[in-house]
Amino acid sequence: MMKKVLITGAKGQVGVELMLEAAARGYDAVGYDSSDLDITDAKQVFKALETLQPQVVINAAAYTAVDKAEQERDIAFAVNADGVSYLADACKRFDVPLLHISTDYVFDGKKSTPYLESDEPNAIGVYGASKLAGEQVLKNKWHKHIILRVSWVFGAHGHNFVKTMLRLAESRDALSVVNDQYGAPTAAKSIASCLLSLVECEGFGEADYPWGLYHYQSEPGVTWYDFANEIFLQANALGKLSKQMSVAPITSEQFPTPVARPENSKLDGEQLKQVFGIQAGDWKRQLSEMLKAI
Ligand SMILES: NC(=O)c1ccc[n+]([C@@H]2O[C@H](COP(=O)([O-])OP(=O)(O)OC[C@H]3O[C@@H](n4cnc5c(N)ncnc54)[C@H](OP(=O)(O)O)[C@@H]3O)[C@@H](O)[C@H]2O)c1
């Protein structure tokens, strides 16, 4: 039987890809954006589950404005922690698994090797703290959950680093990009595919399914500077950019942001591979697919 899936934040970067991937895989997918379903409203959340009776909920809704969150702490926590709490309550009430997306920003980035699921989080800013609070509330409230921590998300829909680089290239010939933050880009499309593959793994919905926290990140690890160079290299090769961009490496100190970013955003995806056989793969290939699509 066709599985009914409720996707929140359906017009976000990952939400759009989830809707496309779910349709391609034959799900009965219902996508709600913030105007259809505000996850900070407990009654609306309960009503949506009661009415729709989905077999799985995927929460792609989030407050994602990292710097602005410092001034909008209440909103960030309302969406990223309280919203998740209401979803967890409703999912538990109707016995529906909840798949949720989290972030590398739960870590301070001081570790020198890739972060494991067992590493102690220590968020630097409000956004990271609000996402961590969301993880904790879900973990405490509802057993049938997956928390997928991802990083440096890019895709054809919505705002991201790739789009910013291409936009800046329209008016400039040279850019300076931070070269002391290490992580790895991950395509929204690949995250969507991973989440739906988890739904299709044996035992999904059962109490003894390996629920819990997993890291998901593409390879290889790079800096933002490396990422920018690859974007321009591929955009040139694909004819999406008709000039050579000059990219200069700079330090985080030379590019201050209202809230610091983790130096190390590398996530170890081995657990997900061991348990489910799912790997994020090569982001350079994912980038090429994205550039061809836009
Ligand atoms: N982007 C990244 O680089 C990155 C990195 C690591 C982890 N993540 C995580 O990945 C997930 C998806 O991120 P994304 O990049 O797809 O974010 P996004 O493009 O900002 O999309 C988030 C969506 O959530 C919706 N939303 C906000 N408040 C809501 C509310 N109260 N009720 C319902 N919907 C609400 C937004 O709708 P409106 O526009 O109408 O407000 C938006 O469509 C998030 O959990 C994020 O924390 C992202």
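**Close-up views of a predicted model**

**View 1. V137 and its contacts.** V137 lies in helix α4, which spans residues 126-141. The model shown here is predicted. Which residues does V137 contact, once its neighbours within four places in sequence are left aside? They are A81, V84 and S85. V137 and S35 stand 102 residues apart in sequence. In space, 24 Å separates them, C-alpha to C-alpha.

**View 2. Helices α2 and α3.** Helix α2 covers residues 42-52, and helix α3 covers residues 73-93. Two packed helices are described by the angle between their axes and the distance between the axes. For α2 and α3, the angle is about 30°. Their axes are 9 Å apart. Angles under 35 degrees count as roughly parallel, so α2 is roughly parallel to α3. The crossing of α2 with α3 is right-handed. On the α2 side, the contact is made by A42, V45, F46 and L49. On the α3 side, Y86, L87, A90, C91 and R93 meet them.

**View 3. Helices α7 and α9.** Helix α7 runs over residues 224-237, and helix α9 over residues 283-293. The two pack at an angle of about 45°, with 10 Å between their axes. That angle makes α7 oblique to α9. How is the crossing of α7 and α9 handed, left or right? It is right-handed. F227, E230, I231, Q234 and A235 form the α7 side of the contact. From α9 come W283, K284, L287, S288 and L291. The residues of this contact of α7 with α9 include six nonpolar ones. Two others are polar, and two are charged.

**View 4. Around the ligand.** For K131, the distance from a polar side-chain atom to a ligand oxygen atom is 2.7 Å. I101 uses its backbone: an N or O atom there lies 3.2 Å from an oxygen atom of the ligand.

Key
Residues are numbered from 1 along each chain as its sequence is written. This is a predicted model: local features need pLDDT of at least 70, side-chain atom pairs count only at pLDDT 80 or more; totals for chains, interfaces and linings use all residues. Side-chain values use heavy atoms; hydrogens and water are left out. Axes are lines fitted to C-alpha atoms, for helices over the stretch in contact, and angles run from 0 to 180 degrees between N-to-C directions. Helices (H or I, at least four residues) and strands (E, at least two) are DSSP runs, numbered from the N terminus. Angles under 35 degrees count as roughly parallel, over 145 as roughly antiparallel, 65 to 115 as roughly perpendicular and the rest as oblique. A crossing is left-handed if the near helix is turned anticlockwise from the far one by less than a right angle, and right-handed if clockwise. Contact means heavy atoms within 4.5 Å. Ala, Val, Leu, Ile, Met, Phe, Trp, Tyr, Cys and Pro count as nonpolar, Asp, Glu, Lys and Arg as charged, and the others, Gly among them, as polar. A polar contact is a pair of N or O atoms within 3.5 Å; within protein, one must be able to donate a hydrogen and the other to accept it, and residues adjacent in sequence count only if both atoms are side-chain atoms.
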